[in-house]
Amino acid sequence: MHVFRVWLGAAATLLCASVGVAAAEPSTAELEALKAKYRRPTEIPFPAQNPYTAEKAALAKALYFDQRLSGNQNMNCASCHNPSFGWEVPLRGAIGAQNTMLARNTPTILNQAWNGPHYFWDGRAASLEEQAAGPISAAAEMNMPLAELVQRLQDISEYNNWFGVVFPGEGVTAVNITKALATYERTVVSGYAPFDAWVDGDDQAISDSAKRGFALFTGKGNCSACHTGWNFTDNQFHDIGLDTTDIGRAKIEPNNPLAKHAFKTPSLRDITQRAPYMHDGSVADLSSVLVHYISGGEKRPSLSPLMRRIKLSADEFNDLIEFMKTLTGTKQAVSLPVLPN
């Protein structure tokens, strides 16, 4: 285990999921117990079948920023998962190979170590290792068949040597490429945020407005029904009533009536850096996202039962926005690696 002390994100966020009267203000003990549910972990979980090593993480970082992982050698993982924009891109849909506009917004790679057991907006990958292979080999994305990538990296002497050190007796293989990339993704963790400082006992770390917003988030708004825990996601799939023809999770679960138009709940961490929002990037800002949720979404059979209209005063609306702003952590500088020759 590697120790680290250290989004209304890019897609569907189930804010304002129930109607009700504002609950009584919690006692000090109740508030502390509630805050404890959102306390940051101190360690990153790495799977036993792909444990962390510093050498593997360094190799993985080089791979992540190397354009030679794309067919035309003009894209890298950061082309879509850019650290300057919350590890995604500020576009409505990502741009893939040959300037292909993709239908879905780029999901962030922040905190992926806690985002299992399903990956991608529709959850079609069962592990980060499987997810890492997807964009590389997809014709519309990086357009690089893994067998060809293995040969390309074997022909680069420094990569060949490096893989031999990290994966002794195995070297460059498709499996080891994805293991390395998944390791790097697991090290990408959102920075310590004002909300974290408040949870840890600094009562002045966030404003009174944000504190009221947290009470709304966990109470009247019922946002925490889906945005649970320190990473603010249940890692499940919900149809939040967007105007979309994308069937989402239903492609994976065709017999589940609630899977149609359902997408994975994103984390809310570093949310202010990650516009536009929703799985398709169709909502430009946090205020517009909130407007969508208080409307209850488009009524249809697959609509999540958690989606209901809710009445918020102007002050309550502002308090929720102020709370979400406190989830953006300290900006972390990401240095570019020296790539192997």
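**Figure 1. Salt bridges around Asp122 in the predicted model.** The structure holds 18 salt bridges, and the model that shows them is a predicted one. In this view, the side chains of Arg104 and Asp122 meet in a salt bridge, with 3.1 Å from N to O. This pair links distant parts of the chain, the two residues being 18 residues apart, and both Arg104 and Asp122 lie in the loop between H2 and H3. Asp122 also forms a salt bridge with Arg124, whose closest N and O atoms are 3.0 Å apart. Together with Asp246, the residues Arg104, Asp122 and Arg124 are linked in a network of salt bridges. As a general point, side chains of opposite charge can pair when their charged atoms come close.

**Figure 2. The salt bridge between Arg300 and Asp239.** The side chains of these two residues meet with 2.8 Å from N to O. Arg300 and Asp239 are 61 residues apart, and their pairing links distant parts of the chain. Arg300 belongs to the loop between helix H9 (286-295) and helix H10 (314-325), while Asp239 belongs to the loop between strand S3 (237-238) and strand S4 (263-264). Arg300 is buried because its relative accessible area, 16%, falls under the 20% limit. Asp239 is buried as well, with a relative accessible area of 1%.

**Figure 3. The largest nonpolar core and the contacts of Leu63.** The largest nonpolar core has 33 residues, of which Leu63, Tyr64, Leu153, Phe163 and Leu181 touch the most other members. Two or more residues of this core come from each of H2, H3, helix H4 (146-154), helix H5 (157-166) and helix H6 (174-187). H2 supplies the largest share of the core, five residues. Leaving out residues up to four places away in sequence, Leu63 touches Leu69, Leu153, Tyr159, Phe163, Ile177, Ala180 and Leu181. A second, separate core of 32 residues includes Cys223, Ile271, Met307 and Leu320. In soluble globular proteins, nonpolar side chains tend to be buried together.

**Figure 4. Helix H6 and the elements packed against it.** Of the 14 residues of H6, 11 are buried, so the helix is largely enclosed by the rest of the structure. Among these buried residues are Asn176, Ile177, Thr178, Ala180, Leu181 and Ala182, followed along the helix by Thr183, Tyr184, Glu185, Arg186 and Thr187. The elements against which the buried residues of H6 pack are strand S2 (43-44), H2, H3, H4 and H5. At 1.5 Å a residue, H6 should span 20 Å, and its end C-alpha atoms are 21 Å apart, which agrees.

Figure 5. H3 is mostly covered, with seven of its 10 residues buried. These are Leu128, Glu129, Gln131, Ala132, Ala133, Pro135 and Ile136. H4 and H6 are included in what covers them. Glu129 has its place in this helix, which comprises residues 128-137, and is buried at a relative accessible area of 14%. When neighbours within four places in sequence are left aside, Glu129 is in contact with Pro47, Asn50, Thr178, Lys179, Ala182 and Arg186. Pro135 also lies in helix H3 and is buried, with a relative accessible area of 13%. Not counting residues up to four places away in sequence, Pro135 touches Phe120, Glu141, Met142 and Asn143. Pro135 and Cys77 are 58 residues apart in sequence, and their C-alpha atoms are 8.4 Å apart in space.

**Figure 6. A nonpolar patch on the surface.** The patch is formed by Leu91, Ile95 and Met101, which together have about 250 Å² of accessible area. Ile95 lies in the loop between helix H2 (54-64) and H3. The relative accessible area of Ile95 is 33%, and this residue therefore counts as partly exposed, a class that lies between the limits of 20% and 50%.

Key:
Residues are numbered from 1 along each chain as its sequence is written. This is a predicted model: local features need pLDDT of at least 70, side-chain atom pairs count only at pLDDT 80 or more; totals for chains, interfaces and linings use all residues. Side-chain values use heavy atoms; hydrogens and water are left out. Helices (H or I, at least four residues) and strands (E, at least two) are DSSP runs, numbered from the N terminus. Buried means under 20% relative accessible area, exposed over 50%, partly exposed in between (1.4 Å probe, protein chains only). Contact means heavy atoms within 4.5 Å. Patches are made of residues with over 30% relative accessible area and no salt bridge: like charges are joined within 9 Å, nonpolar side chains (Val, Leu, Ile, Met, Phe, Trp, Tyr) within 5 Å. Accessible areas come from the Shrake-Rupley method with a 1.4 Å probe; for residues, only the protein chains shown count as cover. A salt bridge is a side-chain nitrogen of Lys or Arg within 4 Å of a carboxyl oxygen of Asp or Glu. A nonpolar core is a set of buried Ala, Val, Leu, Ile, Met, Phe, Trp, Tyr and Cys residues joined through side-chain atoms within 4.5 Å. The expected span of a helix is 1.5 Å times one less than its number of residues.
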